[in-house]
Amino acid sequence: GVLLSLANPKVLLLAFAGCFASLHWSFGFADRSHGHLWPQILATSVGYGVFLAVLGGAFWLRRRLLPSL
């Protein structure tokens, strides 16, 4: 109910913040000797993985705490 409707935007904001931070970190961490596009490819892959990990963790946690839903 109300608890979930308050938690959903916070989870999305956390997922976006994690994605944003990992994009910047991985873009700077990438080895540019693999080509000019490699930093963008790595940053996109890591950012998407972090975004999905946060959403998956929230889904798992919600199912553990609220098994009746």
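Predicted model: local features only at pLDDT ≥ 70, side-chain atom pairs only at ≥ 80, totals over all residues.
1. Residues are numbered from 1 along each chain as its sequence is written, and side-chain values use heavy atoms, leaving out hydrogens and water.

2. You will find two helices and zero strands in the chain (DSSP runs numbered from the N terminus: helices are H or I with at least four residues, strands E with at least two). The C-alpha trace spans about 50 × 15 × 15 Å along its principal axes.

3. Look next at how H1 and H2 pack: their axes lie 8 Å apart, at an angle of about 155° (axes are lines fitted to C-alpha atoms, for helices over the stretch in contact, and angles run from 0 to 180 degrees between N-to-C directions). That angle makes H1 roughly antiparallel to H2 (under 35 degrees counts as roughly parallel, over 145 as roughly antiparallel, 65 to 115 as roughly perpendicular, the rest as oblique).

4. The contact of H1 with H2 has 18 nonpolar, seven polar and one charged residues (Ala, Val, Leu, Ile, Met, Phe, Trp, Tyr, Cys and Pro count as nonpolar, Asp, Glu, Lys and Arg as charged, and the others, Gly among them, as polar).
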